[in-house]
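Colleague: Please take a close look at the charged side-chain pairs in this model. Then place them in the fold around them.

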Amino acid sequence: MRKPERYRDGSEHFFSLRVRLIAAFAVFTVLVLAILWLFQTVLLDDIYRTLKLNEAETCAERIEQDVRSGKNIEQIADSYAKEYAVCISAYEIAGSGGYKNGRLLCRNHVNSFCYIHNVPSSSDLLNELYREAVQNGGEVLRRNPIAEMFRREPGHSPMDAGENVIYVKLIPQADSELLFLLNTELVPLNSTVETLRSQLLIISVILFAAAVVMAVFLSHKLSKPIREMSEEASKLALGNYNVNFDGGNCKETVMLSSTLNRAAYELSKLDKMQKDLIANVSHDLRTPLTMIAGYTEAMRDLPGEATPENMQIVIDETNRLTSLVNDMLEVSRYQGGTQVLHPARFNFTEVIRTTLGRYGKLREKEGYTIRFEADRDVFVEADEGRILQVVYNLINNAVNYTGEDKTVVIRQTVTDDDAAVLTEVIDTGIGIAKEDLPLVWERYYKVNDFHKRANMGTGLGLSIVKNILLLHGAEFGVNSKVGHGSNFWFKLKISE
């Protein structure tokens, strides 16, 4: 087996697509030419003989069918002699004395040389053929070289004139028998074969040249978009997302180019989101670290600065850093599929009330209005800790992006069939554009035009919400319109 060559970077490759296409066309052309030569020269004589013999047999079968259907024998012989270009003789044989007691009914002479009609000793031959037909169930096929027949006759020179085929058909009647003799010639094809060889030689040269030209043209046309896409992919691998994959006009390469363009778009979007995340996380890390460093240096260098208030600020900023790191780790776990749920039956409505208790100081100090609307308590079967995290993150998101009235509404609604509970977290912010709605759940997503950066939290809350709800098999979504706030919702099945 041929060992693949290696590039400098260690990658392996075999022949290019263009070389493979040219080789395939060449092999196909050689195969076609070989088949043509085989059938048109080597096997031509055998095929010709087989077809002629099959024609004689078919003609005899049709004659028998017409005779048994009561058609006129002379009309039958005349019709099939012209249709199949054979000599047909019909004899009626009475008694058991053999052919010599037969009577000629009709004779149609078509061929240039008919063994039965032209050889003087044909009566003995016909008597012999009759006996063979009786012995072989009514059918005899005899092939005689015409040169041999000439040698039997004094005064005739031997010649290679092909073969003379006699097909005998014996048809029993009520009180007699009908003997049909079908005579056809198998002419020699030497001159025909030589003519075909000369033609095939010319055709082979033309066909091979045309195949090479077509192979080069098609290989160039087919490989060109692939080469261009490969060059664009190399740019993409280097981090250049401003690429365009053109698939030409073939369905497969067009589909491939469309997929690659989509991948390039997604990669560019992901790269932007990652850069935004790094910028946001860097800012979120830098701010608390700066405050922690400042306050701890002040408490170290200045007498009387080690107050409980300053210590609380350091603790709060430390907790903020911890929250940021934990959220990033949790998103990574969900993406890696390593999180495991621990479902249990619990009071879902009470979880929301417990979560709202965390926002008491926010309501008191900053004037936020956080309202919970529920007509009754509802129990669900889920992971209580994860569902609490969902509610907490959605409320955080609403608080961060609500409008100037600082109002957030949490609404719990039971479906009409009491099968599920719908939870909505509604803010009065400036909303999200329709084209951005599917993207708000992405881990790196941030709409600078419509959302201010969070004052609290990490910016990864919605991605965590999405992954938790997906693990629970819950429905979720967001309804929003620019200028009219946003409504984040999810559904959980009620536990009876």
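Modeller: Lys-71 is partly exposed, at a relative accessible area of 49%. Buried here means under 20% relative accessible area, exposed over 50%, and partly exposed in between (1.4 Å probe, protein chains only). The partner of Lys-71 is Asp-66; their closest N and O atoms are 3.7 Å apart, and the two form a salt bridge. That term means a side-chain nitrogen of Lys or Arg within 4 Å of a carboxyl oxygen of Asp or Glu. Asp-66 is buried, with a relative accessible area of 12%.

A word on the basis. This is a predicted model, so local features need pLDDT of at least 70 and side-chain atom pairs count only at pLDDT 80 or more, while totals for chains, interfaces and linings use all residues. Residues are numbered from 1 along each chain as its sequence is written, and side-chain values use heavy atoms, with hydrogens and water left out.

By the rule above, the count comes to 15 salt bridges. Another of them joins the side chains of Glu-64 and Lys-169, at 3.0 Å from N to O. Glu-64 sits in helix H2 and Lys-169 in strand S6 (residues 163–172), so this pair ties together parts 105 residues apart in sequence. Helices (H or I, at least four residues) and strands (E, at least two) are DSSP runs, numbered from the N terminus. Lys-169 counts as buried, at 8% relative accessibility.

Next, Asp-418 and Arg-376. They form a salt bridge, with the closest N and O atoms 3.3 Å apart. Distant parts of the chain are linked here: Asp-418 is in the loop between S11 and S12, Arg-376 in the loop between S9 and strand S10 (379–382), 42 residues apart. Both ends are partly exposed: Asp-418 has a relative accessible area of 46%, and Arg-376 stands at 40% relative accessibility. There is also a network: Arg-371, Glu-373, Arg-411 and Glu-424 are joined by salt bridges that share partners.

Now the sheet. It is open, has 5 strands in the order S9-S11-S12-S14-S13, and its pairing is mixed. Two strands pair if DSSP finds at least two bridges between them. Strand S9 (369–373) and strand S13 (475–480) are the edges, each pairing on one side only. On average, neighbouring strands are turned by 15° against each other, direction ignored. Strand S12 (residues 420–427) pairs with strand S14 (residues 486–493) in the antiparallel sense, over 7 bridges. Within that pairing, Thr-423 stands opposite Phe-490 in S14.

Helix H12 (residues 384–401) lies across S9, strand S11 (407–414), S12 and S14. Contact means heavy atoms within 4.5 Å. H12 runs at about 170° to S14. Axes are lines fitted to C-alpha atoms, for helices over the stretch in contact, and angles run from 0 to 180 degrees between N-to-C directions.

Finally, the whole chain. It holds 13 helices and 14 strands. Of its 496 residues, 40% are buried. Among contacts between residues at least 6 apart in sequence, 67% join residues at least 24 apart. The accessible surface comes to about 28600 Å², with 55% belonging to carbon and sulfur atoms. Such areas come from the Shrake-Rupley method with a 1.4 Å probe; for residues, only the protein chains shown count as cover.
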